[in-house]
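The entries below follow the order in which I checked them.

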Amino acid sequence: MKLEDKIFKWFDDRFKLKELLTPIIKHPAPEYAVTNPLYCLGGIAFLCFLILVGTGVFLAMYYKPTPLEAYKSVEHIMTAVPMGSLIRSLHHWAANTMIAAVMLHMMRIYFMGAYKKPRELNWVVGVTLLLITTTFGFSGYLLPWDQLAFWATKIGTGIAGSIPILGQYISLILVGGTDIGAETMTRFFAIHVMILPITIAILLLMHFAMVRIQGISGRL
Amino acid sequence: MSLIEIEKHEVEEERHEPVRIRGFPFFPHFLLREVVVMCLIAGSLILMASLYPAGLLKPADPFDTPTPIYPEWYFLYVFGFLKFWTWDIGPIEAKVIGVTLPMVLWYGLLFMVPFIDRNPSSDIRKRKFAVAMGVIALLGILYFTYYSIVYH
Ligand code: HEM
């Protein structure tokens with residue numbers, strides 16, 4: 001018996017791995033889903049998400065969420081931290097690619113009619129995922145605290161603030177005062193690294209569980 | 001009555017069509033393709049990140065408004081629509097409409113898609129209305145994105 005078989009057997013004896021893994025491993029993927037690259041888009045969005053988590057944790061170790069230090073800490077990441085520039089740029093590119101992939105994924109679902117019975121709720125979860133993904137982008141945009149970050153957020157929160165009824169509350173919750181400042185920054189930071197990641201993780205679990213239970217929808 | 005009957009038959013026919021789907025086992029076939037695609041994407045991301053690093057402008061200055069200010073590209077269409085819509089409707093200000101339509105109404109409609117589109121067919125030839133709406137929405141988003149850049 002080879003070593004890896006021995007290790008596998010050790011775990012199998014204790015956790016019934018074979019019983020658990022066989023249905024996953026043998027689960028058939030329809031031929032049209034394996035050969036058509038459009039079915040990759042959801043997976044690509046998920047890969048980007050994983051990259052964002054990895055690079056994001058790295059960035060959070062150097063980033064300081066206060067108006068005085070934020071810009072300097074990002075500058076430090078870009079110039080002094082080993083691989084810092086690459087990691088931050090990767091975070092940037094993965095973020096934009098994720099949004100593009102989610103949009104294209106949604107277009108595939110729409111034009112293939114993959115949201116129809118019994119997948120209605122997975123579409124609803126999906127639209128929420130789109131909202132969360134773009135909110136991720138919006139909240140992350142402010143964090144470097146450069147000119148673009150500040151002014152784009154000023155306009156963005158202004159736009160959100162003029163939604164009837166809800167707007168004033170959204171703007172108050174986001175900005176945390178009358179103008180973009182230290183309050184806004186810590187709020188955006190908390191939203192970007194705590195609230196949204198937890199929410200998206202729960203929704204992704206639901207999304208994948210539903211795909212798994214309902215199977216991939218039929219051909220065009 | 002007869003119209004309903006006909007529709008029922010169609011639905012039933014579709015359901016009874018023998019569905020023969022050829023499949024591959026998840027492992028290794030499906031996973032292999034997935035791993036190849038993911039390596040390509042990850043590689044491209046690293047390449048783009050090295051060639052075009054994320055930017056950092058001057059530090060934020062609340063007293064110096066730069067021009068032009070662009071939001072992220074995926075919000076440009078909201079921006080564009082806000083610029084485009086200059087008409088008050090009765091007591092409702094143009095600005096409020098310009099914000100509500102591309103955000104609240106648009107997302108509301110998106111959420112409702114499976115409940116608005118009751119057509120059971122997923123054959124693209126039998127979904128002319130849904131496809132037309134999708135194409136119109138897409139062209140609209142592209143147009144307002146373009147508008148926001150050109151009329152900045
Ligand atoms: C964070 C964003 C998202 C991720 C990571 C994700 C991931 C996935 C994955 C991996 C699949 C399997 C099939 C495929 O890849 O095409 C899938 C299926 C699906 N997704 Fe998403 N998705 C996301 C957002 C969305 C959005 C925005 C929508 C629609 C509004 C959506 C609706 C659906 C539906 C209805 C299915 C089932 C499709 C079928 O059975 O053919 N998802 N998703």
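Entry 1. I began with B:Arg125, which is exposed because its relative accessibility of 62% lies over the 50% cut-off. I note at the outset that the model is a predicted one. The side chain of B:Arg125 forms a salt bridge with that of B:Asp123, with N and O 3.1 Å apart. B:Asp123, by contrast, counts as buried because its relative accessible area of 18% falls under the 20% cut-off.

Entry 2. I then followed the salt bridges that share partners, and found A:Lys116, B:Asp117 and B:Arg127 joined into one network. Within it, I looked up the contact of B:Asp117 with A:Lys116, a salt bridge with an N to O distance of 3.3 Å. This pair crosses between chains: B:Asp117 lies in the chain B loop between α4 (94-116) and α5 (128-150), while A:Lys116 lies in the chain A loop between α6 (84-111) and α7 (120-142). I checked the burial of the two residues as well, and both B:Asp117 and A:Lys116 are buried.

Entry 3. Which residue forms a salt bridge with B:Arg33? I found B:Glu34 as the partner, with the closest N and O atoms 2.8 Å apart. B:Arg33 is buried, since its relative accessible area is 15% and the cut-off is 20%. B:Glu34 is also classed as buried, at 16% relative accessibility.

Entry 4. For the tally, I recorded 6 salt bridges over all chains.

Note on methods
Residues are numbered from 1 along each chain as its sequence is written. Chains are lettered from A and ligands numbered from 1 in the order in which they are written. This is a predicted model: local features need pLDDT of at least 70, side-chain atom pairs count only at pLDDT 80 or more; totals for chains, interfaces and linings use all residues. Side-chain values use heavy atoms; hydrogens and water are left out. A salt bridge is a side-chain nitrogen of Lys or Arg within 4 Å of a carboxyl oxygen of Asp or Glu. Helices (H or I, at least four residues) and strands (E, at least two) are DSSP runs, numbered from the N terminus. Buried means under 20% relative accessible area, exposed over 50%, partly exposed in between (1.4 Å probe, protein chains only).
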